[in-house]
Structure formats: C-alpha cells, structure tokens
Amino acid sequence: MAHFSVFSLVRNALNYHKDWPRQWRSPEPKSHYDVIIVGGGAHGLATAYYLATECGITNVAVLERAWIGGGNSGRNTTIVRSNYLWDESAALYDHSVKLWEGLSQELNYNVMFSQRGLLHLAHSVHDMQEIGRRGSAIHLNGIDSEFVTPEKVKEMVPFINLNCRYPVMGALLQRRGGTALHDAVVWGYARGADAAGVDIIQNCEVTGFKIEDNTVVGVETSRGDIMANKVGVVAAGHSSVMAEMAGFRMPLESFPLQALVSEPLKPLVDNVIMSNGVHAYISQSDKGELVIGASSDAYTSYSQRGGFNVIEDTLQAICELYPVFKRVKMMRQWAGIVDVTVDRSPIITKTPVNNLYFNCGWGTGGFKATPGSGNVFAHSIARGEMHPVAEPFSMFRFHSGALIDEGAAAAVAH
Ligand SMILES: Cc1cc2nc3c(=O)[nH]c(=O)nc-3n(C[C@H](O)[C@H](O)[C@H](O)COP(=O)(O)OP(=O)(O)OC[C@H]3O[C@@H](n4cnc5c(N)ncnc54)[C@H](O)[C@@H]3O)c2cc1C
C-alpha cells in the first residue's frame, strides 16, 4: 500500500505522479469467506475495515453491485453532527464524531474532516422549544452544544436575512459538527480494508441468499455463488429488497432525497447552516460550491432523480434566507434512495435468519455515522452479539415498541 507522506508526495511529484500504485486490488471472488458484506458504500467498507483491523477477521469480501461509493455515500451533503435527542442516539453518533476526529490519521488518508461548526436554526416558538429540549438533553450526554441568539447568528452569518417569512428566533450550535469529503471517506476505508486483506469486489450484485436450517451459508451473485459463515447487509435504499430476498420484511420505506451544488464562489459560508423549518441546508465546499440539501419526495420511489417541485421549494427557501445567493447558478442536481424508519433512527440488527445481520434505516442522515456504524457493526458480527451501542437499534424494537424517536432531530434533517 502506498504510504502517503511528504516524502512519497515529493518522490512521486518528481516522476509526474506516474508511479502511484493502485489504491485497492480488484480480486476475483473466492469460493468462501468468513464474512461477506453486501454493499460497498462507506458503511459497508467501514465495517470490513474494522472487522479486519479491530476484530482480527481478514477473510472478508465486500460485494458491490456497481462501483464503491456510487450509492448514497457519494451522493450526500456530507454533514457530520451528533446533536440528537435520545441517549441511545447520542452514544452512537458521538462515538462516530470521536472516530471522525482521528480518522485521517488512522487511515493515513485525508478525509478532509472539517469541524467548522453547525448551526441549526429555529423559526418558530415550537422550533425554539424543540432546540431547548434537545440542547439540554445533549448537555446531559456530555456533547457540546450552545444556544445562540439571532444577533450571534447574524455575527456568524452576516448575509442571512433574519426577518424573513419565518424569522430566525435563535439557533442550536454544535461547534464539533461540520463536514468531511464523502468520496475520500469511501476511498480511505477501501484502501485501509484492502491493505488489511479484505477483497473488494465491484460489479457483483447479490441476487439471493443461500439459507439452510434458517442459517445463512452464502449468497447468490451475478458472478456465481459465494459461501460465507456470516453475512452483513449494508445496502441503504435497497435494504428492504434484500430482506425480502432473505424471506422477512424490514420496516423501511425508500424515498428519493435530492441535493444540489452551485457554481463555485469565493469563501463565504464559514459554517454548516441547517433549517428544518423552511428546509434549507447549506455549506460551502473547499472548491467553493454551495452544497445544498433538499428534501425527500413525498412518495416512495427508486428513481434516483427526485421531483422538480422539491428543487423549487428548496431554492425558494435558500433565496429568502440568503438573498445574496439569488443570482447564483446551480450546476448539478441528483438524488439518492434513502431508507427511512418510522422513528427516524437506524436499524443495526440480527435478523430472523441466523448469522445474517442488517445495518440500514439511516434515512437522510447516515453519512455522519459512517465510522461509528461500521465500528459497532463489525464488533457485533465478529462476536455474534450486538455491541452495546448498537443493541437498542434492533429491528425488533418495532415489535416491542421501544422506539428511539428522532423525528425532530432527523426527520427532514441531514
Ligand atoms: C442527497 C442526500 C443527502 C444526504 N446528506 C447527508 C448529510 O449531509 N449527512 C448525513 O449524515 N447523511 C446524509 N445522507 C444520508 C447518507 O448519504 C446515507 O445515510 C449513507 O451514505 C448511507 O451509507 P451506506 O454505505 O449505508 O449506503 P450506500 O452508499 O448507498 O451503499 C449501499 C451500497 O449497496 C449497494 N447495493 C445495493 N443493492 C445491492 C446488491 N443487491 N448487491 C450488491 N450491492 C448492492 C449499492 O450499490 C450501494 O453502493 C444523504 C443522502 C442523500 C441521498
């Protein structure tokens, strides 16, 4: 594996960067693995990475039907935060933020994690009560958060229009929140997993599960059957399709969720600014593009486009909150298929089939959880017992009623 250092950069620069080795191999699938991970998004790759590096299981394959990072991992608006309401969520998301804080060093790959601070705007008395309740809960969980006045918001975001149709009445600030570069996260984990012995197999679609005596023993794929002792499915928007293949139902609905980026501008937006109330999310990439998160369509679908009305609504909200952007041109728009649960919390779980595990239901906000999700999922698969942080996120909570309702922190938010 190429080791990135100042010296390797200089050495390769002298040779016009022609000698860098490939970042990961492209092996043929073996007939048997200890663990197969279905889905080569950031969560799947992170799971494989931690299986190999922390759990000592290196005979692992990641099977990706297209190319790694081509799903939601490469389509999101890269917001990272841990300001969720309930203790279970705080444990999971802050475990992630702590891992984010050392991730570039751990992977020796610059994931461009930038803790630029995240403002969550409140536009109504109800919003103020919600951030009040959540902010206090976050404090009790030892996670940083501050209430800020409209004047302070104006200081941080001088171009904001505080007195718009839904005036800005205050905000919740998480200074440790921010962004990371999504592609770099995928590539960093892929490179690390590959170096630890994991086979990353692209263009390999899983079309069925091989199940004997209610125990998974392998998968059927577009490249033939591959046997495994354990299988972990991390297929985001297609998780309920995968569950159906295994013979049970996963309580998920799948919606297209859109994002847009503008033409590049000079540095202007220092923080991530989110508004659930008018539904406008904005940050600025290092290239200068405004990265704008829109909402999901109102109906379920697998079309990776999304409705035009959603773009219109989002841009109306952006123009009203930030009139300075009225003449900015949008460059690109896209959607990803997000897998949404009724309590807006993820599912990290054993399933009715022995040795078959699912990690899904991250909806509109799983990018931020990538390191923590992969980490606790890997330990759960390795031990055969759910990691204590993952335990409350079982799919069986929808039977027991022990829901983790993050409707306010996560329903429409990224
Ligand atoms: C527009 C948009 C904006 C978002 N913004 C944010 C944000 O700002 N912050 C945040 O925290 N989250 C955000 N999210 C959510 C976040 O992107 C996802 O929760 C996260 O990326 C999920 O990662 P994953 O690895 O589970 O999924 P994916 O990256 O989608 O990976 C799943 C993989 O499984 C593969 N797959 C599916 N079926 C099969 C099969 N049968 N065989 C083999 N492979 C299969 C797919 O091809 C895919 O590559 C956003 C999502 C979208 C769409």
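In this predicted model, the shell around the ligand is made up of 14 nonpolar, 20 polar and five charged residues. The shell counts 39 residues, and the closest to the ligand are Gly39, Gly41, Gly71, Gly336 and Gly366. Three elements, helix H2 (42–53), strand S12 (253–264) and strand S16 (330–340), each contribute at least two residues to the shell. Domain 1 and domain 2 each provide at least three residues of the shell around the ligand.

The domain assignment divides the protein into domain 1, covering 31–78 + 182–252 + 343–410, and domain 2, covering 112–178 + 253–340. Their centres, taken over C-alpha atoms, are 28 Å apart. Where the two domains touch, 19 residues of domain 1 are in contact with 17 residues of domain 2. On the domain 1 side, helix H7 (239–246) and helix H11 (407–410) are the elements that give two or more residues. That side of domain 1 consists of seven nonpolar residues, 11 polar residues and one charged residue.

The two sets of residues described so far divide by class as follows.

The largest nonpolar core has 114 residues, and Ile36, Val38, Leu45, Ala48, Val60 and Tyr189 have the most contacts inside it. This core lies between domain 1 and domain 2, because both domains give residues to it. What is Tyr189 in contact with, leaving aside its neighbours within four places in sequence? Its contacts are Ala42, Leu45, Ala46, Tyr49 and Leu107.

At the level of the whole protein, the secondary structure comprises 11 helices and 18 strands. Of the 414 residues, 51% count as buried. Among contacts between residues at least 6 apart in sequence, 76% join residues at least 24 apart. Along the principal axes, the C-alpha atoms fill a box of roughly 65 × 60 × 40 Å. The radius of gyration is 21 Å, which agrees with the value near 22 Å that a compact globule of 414 residues would have.

Conventions. Residues numbered from 1 in each chain as written. Predicted model: local features only at pLDDT ≥ 70, side-chain atom pairs only at ≥ 80, totals over all residues. Core = buried A, V, L, I, M, F, W, Y, C linked by C-beta atoms within 7 Å. Buried ≥ 20, exposed ≤ 12 C-beta atoms within 10 Å, placed from the backbone. Domains from an automatic or database assignment. Contact = placed C-beta atoms within 7 Å. Helix = DSSP H or I, 4+ residues; strand = E, 2+ residues; numbered from the N terminus. Nonpolar A, V, L, I, M, F, W, Y, C, P; charged D, E, K, R; others polar. Near = placed C-beta within 6 Å. Rg over C-alpha atoms; globule rule 2.2 N^0.38 Å.
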